[in-house]
Amino acid sequence: MDKTYEPHAIEQRWYAFWEERGHFAPGGHGAPYCIMIPPPNVTGTLHMGHAFQDTIMDALTRYHRMKGYNALWQPGTDHAGIATQMVVERQLAGENKTRHDLGREAFIKRVWEWKAESGGTITRQLRRMGASVDWARERFTMDEGLSAAVREVFVRLYEEGLIYRGQRLVNWDPVLHTAVSDLEVASAEESGFMWHIRYPLAEGGGDLIVATTRPETMLGDTAVAVHPDDERYKRLIGLQVALPLTDRQIPIIADEYVDPGFGTGCVKITPAHDFND
């Protein structure tokens, strides 16, 4: 017997043996027990977080399998559309190309090639960890069956009035030309310049001075907000101001969100450009 454990000489051979003989497929006669692996994104490789959660799921599945449950641990991967597109576009940038140089069909083909490469790496990593998943049931989130299920559920939720389409401020990516989730946005603070703009009172007799770092969004203003306890502006709450450069009037409203000590204590409200607004 060797003095040291050599995993390369043992683990891969035995894992292949178990997989070939279907030892990870459901085979018990007890109650069903199923875990769907949280599908990792095909944007790279597995990391320590995946190894941690997969070890827990593997232990649970093996335990119930040995207890006689009809146990299934189902593997799969997630297309992560926007993130995957970004990875492929970075690859093209390294070749001094863009997706527009390739054209739609060729670019989609390139994305599928990356999916095959990255997805293959992920499945190899799971096998090396000894994950007892049923590979015969492996799925990809863009498989036709799964896509049909998503459409079915989406339509049902819409028909039941549980989802709707409405106006919503989104994170717009000017390069990908699409909305992206908050998870895809890296926020950073920058030093800006405070601009002071006069908003004349509609009834005359004075004006409000609004301090803002975004004067270019002024045409989208819908109100000017002040703090309800700010003695400088209490008497003006409910009045109207004339929006500069337009023929519109907007109200002066009170909101505790306003910091009286910041700027002039008057905040322009521009819903199309700020989540708080």
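Helices (H or I, at least four residues) and strands (E, at least two residues) are taken here as DSSP runs and are numbered from the N terminus, and two strands are said to pair if DSSP finds at least two bridges between them. The structure is a predicted model, in which local features need pLDDT of at least 70 and side-chain atom pairs count only at pLDDT 80 or more, whereas totals for chains, interfaces and linings use all residues. Residues are numbered from 1 along each chain as its sequence is written, and side-chain values use heavy atoms, with hydrogens and water left out.

The protein chain is divided into domain 1 (7–160) and domain 2 (195–269), with bounds that come from an automatic or database domain assignment; the C-alpha centres of the two domains lie 53 Å apart. Helix H6 (residues 144–159) has 16 residues and spans 23 Å from its first C-alpha to its last, close to the 22 Å expected at 1.5 Å a residue, the expected span being 1.5 Å times one less than the number of residues. After H6 comes Gly161, with a positive phi near 75°.

Strand E11 (residues 249–254) pairs with two strands. With strand E9 (residues 223–226) the pairing is parallel, over three bridges, and Ala225 stands opposite Ile253 in E11. With strand E10 (residues 240–242) the pairing is antiparallel, again over three bridges, and Ala242 stands opposite Gln249 in E11. E10 and E11 form a hairpin with six residues between them, and Leu245 in the turn has a positive phi of about 70°.

Thr270 is placed in the segment after strand E12 (267–269) and is buried, with a relative accessible area of 3%, where buried means under 20%, exposed over 50% and partly exposed in between (1.4 Å probe, protein chains only). The side chain of Thr270 makes a polar contact of 2.7 Å with that of Asp221 and one of 3.0 Å with that of Lys268. A polar contact is a pair of N or O atoms within 3.5 Å; within protein, one must be able to donate a hydrogen and the other to accept it, and residues adjacent in sequence count only if both atoms are side-chain atoms.
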